[in-house]
Amino acid sequence: MSEQYSRPATIEDLKLLLRSLNERKIDYLLIGGYALYAHGYARATVDIDLLLRADADTGKKLKAALLLLPDRAAEKLDPAWFSEGETIRLADAFVVDLMFNAGGKNYDDLQAYREVIDLDGIPVSTVNLEGLLLTKKTVRDKDKADRIVIEKALKKKGK
């Protein structure tokens with residue numbers, strides 16, 4: 001029996017997804033490895049992490065945005081799940097983690113750190129380095145490594 005697996009997300013996948021989110025005016029914050037990339041710090045990552053509002057309206061709009069992915073895994077998403085506030089892992093051609101909490105912070109908590117970065121002409125809604133640091137307050141090894149990179153970058157900027 002042959003099973004299909006998601007492949008690591010690429011920059012082109014990220015751009016495709018961001019365009020779809022922006023076209024539908026979805027409130028999101030790009031966090032994780034690709035947010036670090038958007039800030040100019042390379043880190044190997046395999047998925048795209050989005051921090052979202054935990055409500056069914058966001059779920060409905062996001063489901064429509066994610067249906068552009070080739071395997072159409074978003075067809076199985078129930079917008080009501082978004083109100084539950086638990087991370088939803090969408091495994092399509094690549095993985096998108098739909099998160100409602102990162103390092104103890106939710107979408108509204110991070111609004112003070114929100115910024116828009118241009119990625120090859122595509123506006124990316126993310127958080128500044130201080131905000132990213134807040135999302136990395138976990139015990140995961142990759143978050144510890146990311147904290148070191150972010151703290152060094154902040155020190156360099158004099159913050």
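A pocket is found on a 1 Å grid over the protein atoms alone, as an open set of points where a 1.4 Å probe fits, with protein on both sides within 12 Å along at least five of seven lines; its volume is the space filled by probe spheres set on the points, which are joined across faces, edges and corners. The model is predicted: local features need pLDDT of at least 70 and side-chain atom pairs pLDDT 80 or more, while totals for chains, interfaces and linings use all residues. Residues are numbered from 1 along each chain as its sequence is written, and side-chain values use heavy atoms, without hydrogens and water.

**View 1. The largest pocket holds about 250 Å³ of space.** Its lining (residues with an atom within 4 Å of a point) comprises 19 residues, of which D49, M99, K136, R140 and D143 lie nearest the centre. Two or more lining residues come from each of β2, β4 and α5 (141–156); helices (H or I, at least four residues) and strands (E, at least two) are DSSP runs numbered from the N terminus.

**View 2. Helix α3 spans residues 56–66.** T58, G59, L62, A65 and L66 are its buried residues (under 20% relative accessible area, 1.4 Å probe, protein chains only). Down the axis of α3 they fall within an arc of 125°, so they line one face of the helix. They pack against α1 (11–23), β2 (47–52), β3 (88–91) and β4 (95–99), with contact meaning heavy atoms within 4.5 Å.

**View 3. Strands β5 (114–119) and β6 (122–127) run antiparallel.** Six bridges join them; pairing requires at least two DSSP bridges. E115 stands opposite T126 in β6. Two residues separate the strands of this hairpin, where D120 takes a positive phi near 50°.

Conventions:
Buried means under 20% relative accessible area, exposed over 50%, partly exposed in between (1.4 Å probe, protein chains only). The arc is that of the directions from the helix axis to the C-beta atoms.
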